Amino acid sequence: ERDILSKLPLKGKKFLVTAGPTYESIDPVRFIGNHSSGKMGFAIAEAAANLGASVYLIAGPTHLNTTHNFVTTIRVTSAEEMFAEVTKHYDTCDVVIAAAAVADYKPAAVANQKIKKKDSALVINLEPTQDILAYMGSEKKQQFLVGFALETENELENAKGKLKRKNLDLIVLNSLNDTGAGFRTETNKVTFITADNQILPQELKPKNEVAEDLLDIIQKGIHV
Ligand code: CTP
Ligand code: CA
């Protein structure tokens, strides 16, 4: 028993991980999306499962797959669908890691038919999507809440602002200025920032190692 617990320190813990992009429909054949691959989120889900956690992975459109026994993958397309799945699981979660690159805007109306081209400019009105992580922060009880911040300027300041605004316990700053970091790469260079203002810059490493580092910090935070 003690042996199993030491190998699987997160046994009995429920994790919720969001991953990948979201696609927001314009018409039946087009959408607004982004370059997120989902790799970071899938790596985190597997790292948590490797430590014994039961993981609900809510993934936007991605070709990635995981066959890990402790990971339940739920596929969604839009921010609205991701929000709906997140809220189904949030109340009973111990740890949430929001690694998804959720679209900030969606078309205000989705055309029923394919939009035909004209000679004039096309204007699509966009309205904000719901901020899924900010919602979780506002409803936070026992959950240890981890967010990501993708920044290209004023990185530390912006990431700290998000940590505070969204009521997070930890934020992972992802700077697109670092080569080898970010979208579509196998590696990532991140800085962890805790709610008590510890700033922990990390080396450039494979995303699965970044995931393991993140799980180490989370385990300290939840006192496992
Ligand atoms: N996030 C979310 N729902 C959204 C937008 C973002 O849950 N509608 C989450 C992301 O998964 C990430 C965090 O919020 O964990 C920060 O996302 P990011 O895009 O860096 O920041 P935003 O708050 O959207 O602000 P901006 O894009 O203007 O920098
Ligand atoms: Ca955003």
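## Strand 9 and its partners

In strand 9 (144-151), valine 146 is the bridge partner of isoleucine 97. The model is predicted: local features need pLDDT of at least 70, side-chain atom pairs count only at pLDDT 80 or more, and totals for chains, interfaces and linings use all residues. Residues are numbered from 1 along each chain as its sequence is written, while chains are lettered from A and ligands numbered from 1 in the order in which they are written. Helices (H or I, at least four residues) and strands (E, at least two) are DSSP runs, numbered from the N terminus.

Strand 6 (residues 95-98) and strand 9 pair in parallel, with four bridges. Two strands pair if DSSP finds at least two bridges between them. Strand 9 also pairs with strand 10, again in the parallel sense, over six bridges. There, alanine 149 has leucine 173 of strand 10 as its bridge partner. Six of the eight residues of strand 9 are buried, so the rest of the structure largely encloses this strand. A residue is buried if 20 or more other C-beta atoms lie within 10 Å of its own, exposed if 12 or fewer, and partly exposed in between; C-beta atoms are placed from the backbone.

## Helix 5

Which residues of helix 5 (residues 155-165) are buried? They are Ala159, Lys162 and Leu163. These residues sit on the same side of helix 5, because they cover an arc of only 105° around the axis. The arc is that of the directions from the helix axis to the C-beta atoms. An α-helix has 3.6 residues a turn, so residues three or four places apart point the same way.

The buried residues pack against strand 9, strand 10 (170-175) and strand 12 (190-194). The face turned away from the buried side carries exposed Glu157 and Lys164. After helix 5 comes asparagine 167, with a positive phi near 60°.

## Ligand 1

The shell around ligand 1 holds 15 residues, the closest being Ala98, Val102, Ile132, Leu133 and Gly147. A residue is near the ligand if its C-beta atom, placed from the backbone, lies within 6 Å of it. Helix 4 (132-138) and strand 9 are the elements that give two or more residues to this shell. Strand 9 has the largest share, four residues.

By type, the shell has nine nonpolar, three polar and three charged residues. Ala, Val, Leu, Ile, Met, Phe, Trp, Tyr, Cys and Pro count as nonpolar, Asp, Glu, Lys and Arg as charged, and the others, Gly among them, as polar.

The largest nonpolar core has 58 residues; Val17, Ile44, Ala45, Ala48, Val55 and Val146 touch the most other members. Helix 2 (residues 39-50) supplies the largest share of this core, eight residues. Such a core is a set of buried Ala, Val, Leu, Ile, Met, Phe, Trp, Tyr and Cys residues joined through C-beta atoms within 7 Å.

Strand 4 (residues 54-59) has five of its six residues buried. Six bridges join strand 4 to strand 1 (residues 14-19), in parallel. Phenylalanine 15 has valine 55 as its bridge partner in strand 4. Strand 4 also runs parallel to strand 5 (residues 71-75), joined by five bridges. Alanine 59 stands opposite arginine 75 in strand 5.

## Isoleucine 222

Isoleucine 222 lies in the segment after helix 6 (207-221). With 15 C-beta neighbours inside 10 Å, isoleucine 222 counts as partly exposed. Leaving aside neighbours within four places in sequence, isoleucine 222 is in contact (C-beta atoms, placed from the backbone, within 7 Å) with Asp94, Val95 and Phe144.

Note on methods. Contact = placed C-beta atoms within 7 Å.
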